[in-house]
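This report describes a structure made of protein chains. Please look at the model below before reading on.

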Amino acid sequence: MAIRWIALRIIQEIIRDRRTMAFFLLVPIVVMTLIYYALLEDEKAKLGVVTRGVARFYEYPLVSVIEEDEDIEIVSLDIPDKETDPAELDRLIMEEMKKGKAHGILYMDQQLLSERFAGERGAIHIYLEGSRPTSTAAIFSSIAEAMDDLTETMPVVIDAECSAKCANSVNIKAIEIKKHYLYGSEDYRLIDYFLPVFPTFFVFFFTFIISTITFQRERVRGTLERLLIAPVSFSQIILGYISGFIIFSSVQALIIIGYILALIQISFTPHQLFALGVTLFLIMIVALTMGLLASFMAMNEFQAIQFIPLVILPQIFLSDMIWRIESFPLVFQWISYGLPLTHANIISRKVMLQNQSLWENWPQLLSLGGFFLFFMLVMSLVALKRNKNN
Amino acid sequence: MLKIEGLTKRFGKLTAIDNLNLNIPEGLKFGLLGPNGSGKTTLLRMITGLIEPTHGKITLFGKWTPTSRMIRRRVGYMPQQTAVYPGLTVSENIRFFGRIYGLSGRPLEDRLNDILELVELGDKKKEVLSNLSGGMVRRVLLATALIHNPPLLILDEPTAGVDPVLRLKFWDWVDLLVKQGVSIIITTHHISEAERSDQVVFLREGKIIQQGKPFDIMKRFQANNLEAAFVRSTNLK
């Protein structure tokens, strides 16, 4: 009988707490949707093709083969057809990848044919953006596969002078693939792509949880009320919280960065580490204000805890941390820009993997600052409303 | 010192304080008495500026609003909850509230020692609160409300859940503070203990039903204690 009454009491309490009911019923649907799209991963690596001279004749058959690959999307580039200077082409190709138009660009010119005629292997050039290992791997494997077909369609005799005698003697040497990386190198591993976003995630995750719980405790035991009636402003309380957390978040960030530096196989400059430090500071104060806001909006500790998965899970799935945001429907891509971790991850990767300066990422820095001010403003409004109504 | 005019507070359809008028002079022990839900805490929360009235005006030390910093410095508030930090020691808790109210250095340390002596916790000052009894924590709470030497002390149910010996001690401390020139507003639902107040107000459903000196009220209702007077007054209303 006791079991029955305890169960009944639990059911009554949960039914009366609408937010808990919504949590139980809606959050699994949201999370399953995110998992579904995350694992569906139908994003394709973007490949551009540039051919010059007689190599243009081989562009169509080559592209036709590559297009059959489901992981590759052929994209058009803004490189003038008349441009033939190799140095200028090299610059334009890199420029296109910097703009994000392609993850890789295949380049072939008449030299390939000349070398084949001379009985040499000949070479094609693959320019790789390099910061996304999965795209790099997809492009490389697709081109390598297409090369077999290309070699077959290039029955070049070794010696033109003995064409009669040597009619069947063709150059069957494998075409050489020369790789040029915009970022990273051949040694760059998949894990190196993920490691730079771990510090931002862990700092966000722990700061949010600790600030939510700490502030909720402050509210429940009544000490927040005592601070609110003391001669201190609300912003002083928040800044005091931030200052208190900075020490622990900084120590945590240092441990995480140190550990990641030991794991990652890329060397970093002091500037890169400084930029990562600034990013971690920004995401920490944003997580702190989000945690305080969540705590402020919750009526009790149970509701405060419910904010943790509600805030953390979408950031794991939609912040481009592990799963590519491009593989999600457009609406989720829009949502992702409303998540602070997305912006912090963009900065971390660009700074750590593409060696960009911090200030080149000013839109993301501005966004993080904006998030901080926005959450502060909302929190002040919620506090003001509480003050009027409670 | 405190003037309340036409004060009303509504929470949705519930009227917690209903058109209340009150004038509390300086230097008194003023008891706000009433059963649970009579509006005592709501009234105190409006006086301290924690919540805004729906209507009406509160004048504290001649100022229109209790939310100004100058006013806040002059008010000490001991809430019903044990609103202190259980992870800090006795002196760390008191020192924290002292600093929040702008004290520092020697004056803070001197005041801390005085307060510890008053609440008889000098030998426990290095103890973490989570190791102390409920009664001791209530004393720390009182000390944190007194650290900045406020001329007005608001005590919300200070003796709730406190043993009879400590309850008497609380009232002794209140007497001592009044002698030192502190004005005190105290709420309690242990009505009989408020006989030690200089003046009392009986609150019921957000309205004042009786007001005056405890002895006068007892006399008015021919009761030999304040609790009996309260019961009789509610029967009349």
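## The interface between the chains

About 2,100 Å² is buried between chain A and chain B, and carbon and sulfur atoms give 51% of this area. On the side of chain A, the residues that lose the most area to chain B are A:Arg226, A:Ile229 and A:Pro231, which together account for 37% of what that side buries. The model is predicted, and the values here are computed from it.

In terms of contacts, 19 residues of chain A touch 26 residues of chain B. The size of an interface is often stated as the accessible area lost when the parts come together.

## Polar and charged pairs

How many salt bridges are counted between chain A and chain B? The count is one. This salt bridge joins the side chains of A:Glu225 and B:Arg45, at 2.5 Å from N to O. Seven residue pairs are in polar contact across the interface of chain A and chain B, with both residues of each pair at pLDDT 80 or more.

Three helices of chain A each supply at least two residues to the side that touches chain B: helix 8 (198–220), helix 9 (223–228) and helix 15 (362–389). Helix 9 of chain A gives the most, with five residues. By type, the residues on this side of chain A are seven nonpolar, seven polar and five charged.

## A covered helix in chain B

Is helix 1 (residues 40–47) of chain B mostly covered or mostly open? Helix 1 is mostly covered, with seven of its eight residues buried. The buried residues are B:Lys40, B:Thr42, B:Leu43, B:Leu44, B:Arg45, B:Met46 and B:Ile47. B:Arg45 is also the chain B partner in the salt bridge with A:Glu225. Just after helix 1 of chain B, B:Gly49 has a positive phi of about 85°.

A:Asp320 is a residue other than glycine with a positive phi, near 65°. A:Asp320 sits in the loop between helix 12 (301–318) and helix 13 (330–337) of chain A. A:Asp320 is buried, with a relative accessible area of 14%.

B:Asn19 also is not glycine and has a positive phi, near 45°. B:Asn19 belongs to strand 2 (residues 14–24) of chain B. B:Asn19 is partly exposed, with a relative accessible area of 49%.

## Confidence in chain A

Chain A has a mean pLDDT of 83, and 93% of its residues reach 70 or more. Within chain A, confidence is lowest in helix 7 (residues 190–194), at a mean of 78, and highest in helix 14 (residues 340–353), at 92.

Key. Residues are numbered from 1 along each chain as its sequence is written. Chains are lettered from A and ligands numbered from 1 in the order in which they are written. Side-chain values use heavy atoms; hydrogens and water are left out. Contact means heavy atoms within 4.5 Å. Buried area is the accessible area (1.4 Å probe) that two parts lose on being put together, summed over both. A salt bridge is a side-chain nitrogen of Lys or Arg within 4 Å of a carboxyl oxygen of Asp or Glu. A polar contact is a pair of N or O atoms within 3.5 Å; within protein, one must be able to donate a hydrogen and the other to accept it, and residues adjacent in sequence count only if both atoms are side-chain atoms. Helices (H or I, at least four residues) and strands (E, at least two) are DSSP runs, numbered from the N terminus. Ala, Val, Leu, Ile, Met, Phe, Trp, Tyr, Cys and Pro count as nonpolar, Asp, Glu, Lys and Arg as charged, and the others, Gly among them, as polar. pLDDT is the predictor's confidence in each residue, from 0 to 100. Buried means under 20% relative accessible area, exposed over 50%, partly exposed in between (1.4 Å probe, protein chains only).
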